[in-house]
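Let me jot down what I check, one entry at a time.

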Amino acid sequence: MHGSLAHGRSAVHGRRAAYGRRAVYGRGSHPRPTAGGVLAWDRGWRREARAAWLCGLALAGVLTAIDLGRGGFDWQHGCCWAALGATLVLVLRPARITAGDGWLASRGLLRERRVRTDLLTRVRREDGMTPRLVLRDVMGGRVELDPKVLADNPLLWHHLDAGARLARRRGVLLEGAGVLTALAERIDGEGARRLLSSAEISPSGN
């Protein structure tokens, strides 16, 4: 008798836990998005990546030319200059930011990081020489990006903002609502200034 009651309570508890998970994730568990379905991307990434490669090649080329001019070039120096050029590319080359329905990704030279924007738990801004926006989701995903990328790409911001709003409604966004609000105000303000500038109208009306 007692065993039957315990089994029944365990089954009810299991059903309640499963219902709670579905309330956050939807019907069943959502798999992490695949590489398809890209709806927005950083439009300035190609230009910046190209500039990083040119700087790296220029550094390696200049050092090689100096060695050749002095007659001291050999394979060891060549490998060293190539490594220095590659290091400069790694430092300067930005991560490629893309977004889709419910996700945002940052792809570097070696790997891609993703978060579910509709299941964000924390959003934090780190200020320094280069401000960073740090996003975390319920599955442990983590993405860092420059907030300026969002300001320069309204579609990227739209997908992040739409996902974050859904995360708030689901009750999983525990930290960072104020950061997103401040970022939205900044992006809206910069967008208004661009419109005024494109129309050749100053804020004072002159």
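My entries below go from the ground rules to the fold, the confidence, the cysteines and a surface patch.

**Ground rules.** I'm working with a predicted model, where local features need pLDDT of at least 70, side-chain atom pairs count only at pLDDT 80 or more, and totals for chains, interfaces and linings use all residues. Residues are numbered from 1 along each chain as its sequence is written, and side-chain values use heavy atoms, with hydrogens and water left out.

**Fold.** I looked up the helices (DSSP runs of H or I, at least four residues) and strands (runs of E, at least two), both numbered from the N terminus. The chain has six helices and seven strands. Going along the sequence, I read the order as α-β-α-α-β-β-β-β-β-β-α-α-α.

**Burial and contacts.** Next I checked burial, where buried means under 20% relative accessible area, exposed means over 50%, and partly exposed is in between (1.4 Å probe, protein chains only). Of the 206 residues in the chain, 30% are buried. A contact means heavy atoms within 4.5 Å. Among contacts with a separation of 6 or more, 57% are between residues 24 or more positions apart.

**Surface.** Accessible areas come from the Shrake-Rupley method with a 1.4 Å probe, and for residues only the protein chains shown count as cover. I get about 13,200 Å² for the chain, with 59% of that belonging to carbon and sulfur atoms.

**Confidence.** pLDDT is the predictor's confidence in each residue, from 0 to 100. The chain averages 80, and 74% of the residues score at least 70. Residues 1-36 sit below 50, and that stretch has 23 contacts in the model beyond near neighbours in sequence. Residues 201-206 also stay under 50, with two contacts beyond four places in sequence.

**Cysteines.** How many disulfides (pairs of cysteine sulfur atoms within 2.5 Å) does a search of the whole structure find? It finds zero. C79 is in none, and its nearest cysteine sulfur, that of C80, is 8.8 Å away. I note C79 as partly exposed, because its relative accessibility is 47%. C80 is partly exposed too, at 37%.

**A patch.** Patches are made of residues with over 30% relative accessible area and no salt bridge (a Lys or Arg side-chain nitrogen within 4 Å of an Asp or Glu carboxyl oxygen). Like charges are joined within 9 Å, and nonpolar side chains (Val, Leu, Ile, Met, Phe, Trp, Tyr) within 5 Å. I found W53, L90, L109 and L110 making a nonpolar one of about 490 Å². L90 is in helix α3 (residues 75-92), and it counts as exposed because its relative accessible area is 55%.

Terms used:
A disulfide is a pair of cysteine sulfur atoms within 2.5 Å.
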